[in-house]
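Visitor: I have a model open and would like to go through it. Can we take it piece by piece?
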6 protein chains.
Amino acid sequence: MPYVTVKLLEGRTDEQKRALVKEVTEAVSRTVDAPAENIVVFIEDMPKNHYGVAGTLFSDK
Amino acid sequence: MPYVTVKLLEGRTDEQKRALVKEVTEAVSRTVDAPAENIVVFIEDMPKNHYGVAGTLFSDK
Amino acid sequence: MPYVTVKLLEGRTDEQKRALVKEVTEAVSRTVDAPAENIVVFIEDMPKNHYGVAGTLFSDK
Amino acid sequence: MPYVTVKLLEGRTDEQKRALVKEVTEAVSRTVDAPAENIVVFIEDMPKNHYGVAGTLFSDK
Amino acid sequence: MPYVTVKLLEGRTDEQKRALVKEVTEAVSRTVDAPAENIVVFIEDMPKNHYGVAGTLFSDK
Amino acid sequence: MPYVTVKLLEGRTDEQKRALVKEVTEAVSRTVDAPAENIVVFIEDMPKNHYGVAGTLFSDK
């Protein structure tokens with residue numbers, strides 16, 4: 001605890017995901033005073049045809 | 001804002017997803033008085049072997 | 001099925017939520033060809049101090 | 001209702017998922033006094049490079 | 001890991017929630033071969049006016 | 001985009017939540033190369049009797 005979920009458009013590299021997990025964990029630990037070893041991060045990839053803003057799929061923009 | 005997530009059995013066409021995002025956005029905008037340009041829709045596909053009702057996987061029905 | 005979750009800033013009336021559930025259900029049913037009686041809608045209220053964009057809590061704007 | 005989501009590391013067999021849905025449904029039904037036919041279970045597979053604890057991706061451990 | 005979320009209509013007692021967490025944890029541990037000490041359960045209460053089926057809020061039924 | 005959800009045990013102050021949103025947004029922006037103005041953070045408070053590990057509610061520990 002805490003549990004963090006990050007929803008991203010697909011296409012990030014493993015290197016970016018590795019840095020994301022590391023730095024988000026540090027930010028959460030620092031700001032809410034939780035030990036880093038208890039912090040869990042889930043990454044969710046969104047395909048471009050599964051995400052819409054203002055009524056339009058991202059894949060149609 | 002608002003943020004809408006629609007969980008569906010996999011297999012819908014892009015044409016159906018396009019219409020879904022458009023019409024759900026309009027329905028939300030109209031009923032809760034939010035500008036359409038602020039409304040976000042996420043679609044999540046569920047495989048048939050990842051969904052169960054009454055104790056039975058959908059893929060076994 | 002499908003299952004729809006709508007995350008809203010708190011403060012909408014029951015009348016707005018009633019209309020939201022009705023019209024979102026109709027929009028989903030029409031566009032992905034699912035019977036309305038199978039469609040489930042969850043509403044989640046977000047307090048203004050639990051939601052941030054661009055690094056700033058909504059309650060601070 | 002109730003709705004149960006189980007997030008797992010990818011790699012379980014269909015036989016394990018079948019048993020999971022069956023036994024979780026029974027456990028929920030028994031403990032909160034809900035008819036099994038109303039209980040829905042969603043399974044979500046997590047890839048090892050989409051899950052981190054203590055700042056490190058599971059795929060790096 | 002695994003992570004389980006159970007969404008329930010509000011109104012269950014703490015005794016029911018205690019039994020729910022215990023028995024769901026056992027069911028998950030047994031079926032997907034995960035040690036119980038790694039299993040996390042989240043309970044989410046749904047108010048009756050935040051949940052609709054077939055276009056109608058549960059609080060209107 | 002991206003969309004970040006942070007699930008926390010209840011009890012953090014608004015000052016902690018403000019810092020959390022700010023620093024998580026910066027960490028995500030930096031690591032996945034997304035403009036901060038597009039990043040959304042949701043905070044979810046968990047009551048201690050709605051969260052269990054190893055089969056035991058946190059409120060019973």
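Visitor: Which residue forms a salt bridge with A:Glu23?
Guide: This is a predicted model, to begin with. The partner is F:Arg30, and the closest N and O atoms of the pair are 2.7 Å apart.

Visitor: How many salt bridges are there between chain F and chain A?
Guide: The count is two.

Visitor: And how many residues does the contact take from each chain?
Guide: Chain F gives 25 residues and chain A gives 25 residues.

Visitor: What area do chain F and chain A bury between them?
Guide: About 2100 Å², with 64% of it on carbon and sulfur atoms.

Visitor: Which three residues of chain F supply more of its buried area than any other three?
Guide: F:Met1, F:Tyr3 and F:Thr31. Together they supply 27% of the area that chain F buries against chain A.

Visitor: What rotation superposes chain F on chain A?
Guide: A rotation of 180°, with 0.0 Å of shift along its axis and an RMSD of 0.0 Å. The two copies are therefore related as by a two-fold rotation axis. Both copies use the same surface: 100% of the contact residues of chain F recur in chain A.

Visitor: Changing topic to the sheet. In what order do the eight strands come?
Guide: The order is β4(B)-β3(B)-β2(D)-β1(D)-β1(E)-β2(E)-β3(F)-β4(F). The sheet is open and its pairing is mixed.

Visitor: Which strands stand at the edges?
Guide: β4 (56-57) of chain B and β4 (56-57) of chain F. Each has a single partner strand, so one side of each is left without a neighbour in the sheet.

Visitor: Which strands does helix α1 of chain D lie across?
Guide: Helix α1 (residues 14-32) of chain D lies across β3 (51-53) and β4 of chain B, β1 and β2 of chain D, and β1 (3-9) of chain E. The helix runs at about 135° to β2(D).

Visitor: What about helix α1 of chain E, which strands does that one lie across?
Guide: Helix α1 (residues 14-32) of chain E lies across β1 of chain D, β1 and β2 (40-46) of chain E, and β3 (51-53) and β4 of chain F. Its angle to β2(E) is about 135°.

Visitor: Last one. What UniProt annotation covers residues 2-60 of chain A?
Guide: The unreviewed UniProt entry gives "domain: 4-oxalocrotonate tautomerase-like" for that range. Over residues 2-60 chain A is 32% helix and 32% strand, and the end C-alpha atoms are 36 Å apart.

Key: Residues numbered from 1 in each chain as written. Chains lettered and ligands numbered in written order. Predicted model: local features only at pLDDT ≥ 70, side-chain atom pairs only at ≥ 80, totals over all residues. Heavy atoms only, no water. Least-squares fit on C-alpha atoms with pLDDT ≥ 70 in both. Contact = heavy atoms within 4.5 Å. Pairing = 2+ DSSP bridges. Helix = DSSP H or I, 4+ residues; strand = E, 2+ residues; numbered from the N terminus. Axes fitted to C-alpha atoms, helices over the stretch in contact; angles between N-to-C directions. UniProt positions renumbered as here; feature names shortened; annotations may be inferred. Buried area = accessible area lost by both parts, 1.4 Å probe. Salt bridge = Lys/Arg side-chain N within 4 Å of Asp/Glu carboxyl O.
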